Each structure stands twice: as C-alpha cells, then as structure tokens.
Amino acid sequence: QAHSEKAEALVREHIAELRTHMRALEEKRQAHKDEVEALVREHSAELRTHTRALEEERQAHMQTLEIERRAQEVLDEQRQAHVEDVEALVQEHAAELRVHIQALDEERQARKQEVEAGRRESR
C-alpha cells in the first residue's frame, strides 16, 4: 500500500512537472509565433513602402519618357517645316535666277545683233 501510494505520488509529481514543462513550451511557442507575426507585419510594411516608392519612380520615369517623346515630335515637326521653308526659298530663287539669266541672254543676243548690224553697215 505504501509502495503504491509512493508510486502514485511520484506519478502525480511527474505529471505536474510535465504540465509545467508543457506550459513553458506553449508560452515559448506563443512568444515565437508573436515575434514571427510582428516581423512579418514589419517587413510587409517595408515592402509596401518600397513597392510604392518604386512605382512612383517608374511613373516619374514614364512621364519623363513621354515628355522627351513629345519634345522630339515637336523638334521633328519644326525641322520638317524648316526643310520645307528652305526648299520653297530655293525654288523661288531658282525661278528668279532663271528669269534673270533669260534676261541676260536676251540682252547679250540683242547686243550681238547690234554688233553684227553695225559690221554690215560699216561694210
């Protein structure tokens, strides 16, 4: 009887120790879980901030590219207009030069005829 009571007391003591150990393990597990969740929240917030900054940077870069594209279009249009203006001036000057050359040719021809007429008269 005494042996059995002693054995029961040992079993109860061992069960109490196991329960205490289990509580300590559960507390450790919960503390670890809380720590991991806090880290996940912190890193998630950091990632969201970083992602937002990258998106803003991407948007700014896209706007810069769009501004550069529009500026290039304007420059291309201005260059084309300038080329057309220069071509028109060249055509205009070419026409003026043709008229001037024709007038000089007619004047030369008239002088040549005068000189020939003068030679015939002097003969």
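Modeller: Glu8 forms a salt bridge with Arg12, with 3.7 Å between the closest N and O atoms; the term denotes a side-chain nitrogen of Lys or Arg within 4 Å of a carboxyl oxygen of Asp or Glu. This is a predicted model, in which local features need pLDDT of at least 70, side-chain atom pairs count only at pLDDT 80 or more, and totals for chains, interfaces and linings use all residues. Residues are numbered from 1 along each chain as its sequence is written, and side-chain values use heavy atoms, hydrogens and water being left out.

Glu8 and Arg12 are separated by about one helical turn because they stand four residues apart in helix α1 (helices, H or I, of at least four residues and strands, E, of at least two are DSSP runs, numbered from the N terminus). Glu8 is partly exposed at 44% relative accessibility, whereas Arg12, at 52%, is exposed; buried means under 20% relative accessible area, exposed over 50%, and partly exposed in between, with a 1.4 Å probe and protein chains only.

Thr20 also lies in helix α1, which covers residues 2–122. From Glu8, Thr20 is 12 residues away in sequence and 18 Å away in space, C-alpha to C-alpha.

The whole structure holds nine salt bridges. One of them joins Arg111 to Glu107 at 2.5 Å, N to O, and these residues too are four apart in helix α1. Elsewhere, salt bridges with shared partners link Glu66, Arg69, Arg70 and Glu73 into one network.
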